[in-house]
Amino acid sequence: MSAVSDLPVRRDAQVVAGAAAVLRANDTGVMVRAAPHLYPHQWSWDAAFVSVGLAHLDPGRACAELDHLFTGQWRTGMLPHIVFDPAETDYFPGPDRWGCAEVTDDAPVAPRTSGICQPPVHALAVERIVALAERRSAAAGARVRAWLPGAYRRLLAWHRYLVRERDPLRTGLLTIHHGWESGMDNSPRWDEPYSRVAVLPDLPPYRRRDTRVVRDAAQRPTRLEYDRYLSGVEELRRAGYDDARIRATGGFLVTDVLASAVFAAASEALAGIARSLGAGEVAELEEHAERFRAGVADSVDAGLGLALDTDLRTGAPLRAETVAGFAPLLCGGLGTATEREMVALLRSERWTGHPGLRHAVLPSTSPASPAFHPRAYWRGPTWPVVDWFVVWMLERRGRADVAGPLRRAVLDELAEGSFAEYHEPFTGEPLGSAAQSWTAAAALDLLLG
Ligand code: 2M8
């Protein structure tokens, strides 16, 4: 092989080695921190993504990562968005601010957790861990298979919690009670509902930590946004994290089309796991998948060509041009013509075909949207974990034709090597945290998958 054609291979090997080193360095022994300084605990959807990365290195460690997350599961079945590391006391908002076990018996006393959840990607991660372990060796496959029944019961409780408490009217769309539950904190998706969230006059004082870690404040949510996030936490705590009470009185109550698409795909994955275990819930899980696929497909706005969230306090669709709008491509359910139009939109100048993009990946918000900001967290930057997830879901649905160019573009972005949390879309500049665990997991799965 010539020296020139050898270069991409060497580049890939370096990225794999670098990604593995990031996961090792962020591993406390029992959990992988979402990021070394900015997020020094275990986050829910981060842990699922990280477990897929770990499965390429050591499938047993991948299972242990999810087991640790499961130790934080609430009596209701909810998987909390953060499981706190007791050794790390500097993070804000930490367990005292959430005060979960202090206000509800549903929360575990140990480990301490937050009181909200995140998109349910976990069954998809487990499906992938099983496949990777079986591909690795018969022994690795057998070990993961032996672990699977316990994980399945945890996942079943989690999925049942979501249908019971987050879609009691069986609409096929999950409701979220805080913007943090979407995982896309300050996305323009939430501008309207947050504009109606009053900052509590008696909001207990606080000192942010994120803006001390990321020195450029423009890359993080604003002070007013943070006041609203913290008011939301306070409101949930005062409601005892009781979902029925929050549905009746919560200030922020929206359907989340991305989480719903994740749930549709994850329900399909969990139904497959149930089938492989001979469990009795296959039909129930398939029905969830069907219901949520339909709910997501029905959310497409003909004008924008994107699926939209809805503000349940006003009944109005939230007309933001964000990556979440491509949710139906993750789970399927669109008619052939509508899916073709959505793929064309994805490739258009409003999205991956925008002439200014450094790499043809999906930015978190369309660069053609007035809400776009190239450096502000979920308002524009590109997130490798999101593009990886889109590639993964498209390939899972047999749409490798759409996934292929995206796969190559995100690999080019990742080759810059610092495993940044997100990137400036026009320059590729790494932003936010360096050595972000889920970015490393994305690199491992894209290169070794
Ligand atoms: C971000 O969320 C946390 C709050 O939970 C934060 O802004 O401090 C989001 O990007 C979220 O999706 C992610 O799970 C978390 C950890 O990476 O960071």
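Some ground rules come first. Residues are counted from 1 along each chain as its sequence is written, and side-chain values rest on heavy atoms, with hydrogens and water left out. Since the model is predicted, local features need pLDDT of at least 70 and side-chain atom pairs count only at pLDDT 80 or more, while totals for chains, interfaces and linings use all residues.

Start with the ligand. There are 16 residues around it, and the ones that come nearest are Asp46, His81, Gly183, Asp185 and Tyr377; being near here takes a heavy atom within 4 Å. By type, this shell splits into nine nonpolar, four polar and three charged residues.

Asp185 puts a polar side-chain atom 2.5 Å from a ligand oxygen. For Trp43, the distance from a side-chain N or O atom to an oxygen of the ligand is 3.0 Å, and for Arg220 it comes to 3.3 Å. On its own the ligand has 410 Å² of accessible area, and the protein covers 99% of that (Shrake-Rupley method, 1.4 Å probe). The space the ligand takes up is the largest cavity, a cavity being a set of points on a 1 Å grid over the protein atoms alone where a 1.4 Å probe fits but cannot get out. To sit in one, a molecule needs more than half of its atoms within 2 Å of the grid points.

On to charges. Side chains of opposite charge can pair when their charged atoms come close. The whole structure holds 42 salt bridges, each with a side-chain nitrogen of Lys or Arg within 4 Å of a carboxyl oxygen of Asp or Glu. One of them joins Arg145 to Glu134, at 2.8 Å from N to O. Arg145 belongs to helix α7 (residues 138-166) and Glu134 to helix α6 (residues 122-136), so this pair ties together parts 11 residues apart in sequence. Helices (H or I, at least four residues) and strands (E, at least two) are DSSP runs, numbered from the N terminus.

Finally, the backbone. The Phe92 to Pro93 peptide bond is cis, with omega near -5 degrees, and Pro93 is in the loop between β2 (82-83) and α4 (95-98). Ala110 and Pro111 are also joined by a cis peptide bond, with omega about -5 degrees; Pro111 is found in the loop between α5 (100-103) and α6. Arg170, in the loop between α7 and β3 (174-176), has a positive phi of about 55 degrees although it is not a glycine.

Notes:
A polar contact is a pair of N or O atoms within 3.5 Å; within protein, one must be able to donate a hydrogen and the other to accept it, and residues adjacent in sequence count only if both atoms are side-chain atoms. On a 1 Å grid over the protein atoms alone, a cavity is a set of points where a 1.4 Å probe fits but cannot get out, and a pocket is an open set with protein on both sides within 12 Å along at least five of seven lines; lining residues have an atom within 4 Å of a point. Ala, Val, Leu, Ile, Met, Phe, Trp, Tyr, Cys and Pro count as nonpolar, Asp, Glu, Lys and Arg as charged, and the others, Gly among them, as polar.
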